[in-house]
Amino acid sequence: MLEMLPTWLIDWLGPDGMANLAYLTNGKHLAWYASVRYTLIAAVCGAGLAVIFGLLGAGAKLSKFAPLRWLGDIYTTMVRGVPDVLFLLFFPLAFEQGIEYIMAKMYCSPDAVAAAGGVACKEAQWFLTTTEYLVMACFSLGIVYGAFAANVIYGALKAVPKGQLEAAQAFGFNEREVFWRFQVRQMWVYALPGLSNVWLLLLKATSLLSLLQITDIVAWADRLGAPNYLPMAGLVHPDWRWKYYLVLFIFYILLTFISERFFSFLQARASRGMARAN
C-alpha cells in the first residue's frame, strides 16, 4: 500500500517517516481503525433503543392504569441504581445461559447431561460471535440509558403548558391526538438538553465493550500499546499505552464536539414555530 504513495510524499516523509507510517498501517493497526465501527454501532443503536425504552417508560409513568404506572416507576428506579458495568455483564450472560438452558431441555437427554459431567450437552452449547455480543451490548445500553431517558422524557411531557393542551381539546382533538400531535411534539424542546446528557453518558459507556469479548478500540489500544517483544529482535517498543489512550481521549472529545453541534441543530429544529418570551 505504501508503494502507491506519490514520490513527493515519500521524499517529504523520509526514511524515518516511512518507517513510522509502515508501523501505523500494519495489519493490527488497520484492525484497530476498523474496530471504531463497533463503538459507533453500539452508540447509535443503543441510543435508538434508549429513546424507545424511554418513551415506553415515560408513557408507563403517565398511565392512568396503576399497575402500569408502578411498572414504569420500578423500571426507572431500579435500572438507574444498577452500575452500568454490572448490567452490561449480567444481561448478555443471563441471556446466553437462559438460551442454553432452554436448548438443553429441548435437545439433551438426562443420559447426555450425565455423560457431559452435569453440564449441557454439545447440542445445547451456544457459541456467540462478535456480532451477537454487539447486538446484546446495544440492548444492554438501550435498557440502562432508556431508564435515564424515561425520566427526562417524563419531565419534558409534564413541562408542556397545560393551557395549550386544553386549547387543543377545545378545538375538537381527542385525547390521543392531543398527546401525539401537541404534547409529544412540544416535549422535545424540553427533553433534548437532558437527552444530550444521556447520549454523552451512553457514548462513554461504549468503552466497556471489551468486557463482552468485543475487540473494540479500547482493547486494541491496550494490545498495541503494551510492551512488544520479538524473539529475534528483542524489545520492539516499550509501554506506549498512554499514547494510544491519548488517541482515544481525542477521539471521544471529537465525538462529544460533533454531538453538541448535532443536538444544537435538533434543538433549533424542534423550537421552530414555538412562541418565545422577549
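**Helices and aromatic pairs in a predicted model**

Reader: How many helices and strands is that?

Author: The protein has 11 helices and two strands.

Reader: And how much of the protein is buried?

Author: Buried residues account for 33% of the 278 residues. The accessible surface comes to about 17200 Å², and 68% of that surface belongs to carbon and sulfur atoms.

Reader: Turning to the rings, how many aromatic pairs are there?

Author: The structure holds eight aromatic pairs. One of them joins Phe87 and Phe91, which are stacked at 6.4 Å centre to centre with 5° between the planes.

Reader: Where do Phe87 and Phe91 sit in the chain?

Author: Both belong to helix 5 (residues 84–107); they are four residues apart, so about one helical turn separates them.

Reader: Which pair is edge-to-face?

Author: Phe173 and Phe182 form such a pair, 5.0 Å centre to centre with 70° between the planes. Phe173 is partly exposed at 25% relative accessible area, and Phe182 is partly exposed at 24%.

Reader: What about a cluster linked by ring pairs?

Author: Ring pairs link Trp32, Tyr33 and Tyr244 into a cluster.

Reader: Which charged residues lie over tryptophan rings?

Author: The charged end of Arg223 sits over the ring of Trp220, 5.3 Å from its centre. Lys243 lies over the face of Trp240, at 4.6 Å from the ring centre.

Notes. Residues numbered from 1 in each chain as written. Predicted model: local features only at pLDDT ≥ 70, side-chain atom pairs only at ≥ 80, totals over all residues. Heavy atoms only, no water. Buried < 20%, exposed > 50% of the residue type's maximum accessible area, 1.4 Å probe, protein only. Areas by Shrake-Rupley, 256 points an atom, 1.4 Å probe, with all protein chains shown as cover. Phe/Tyr/Trp six-rings, centres within 6.5 Å; stacked < 30°, edge-to-face > 60°. Lys NZ or Arg CZ within 6 Å of the ring centre and 35° of its normal.
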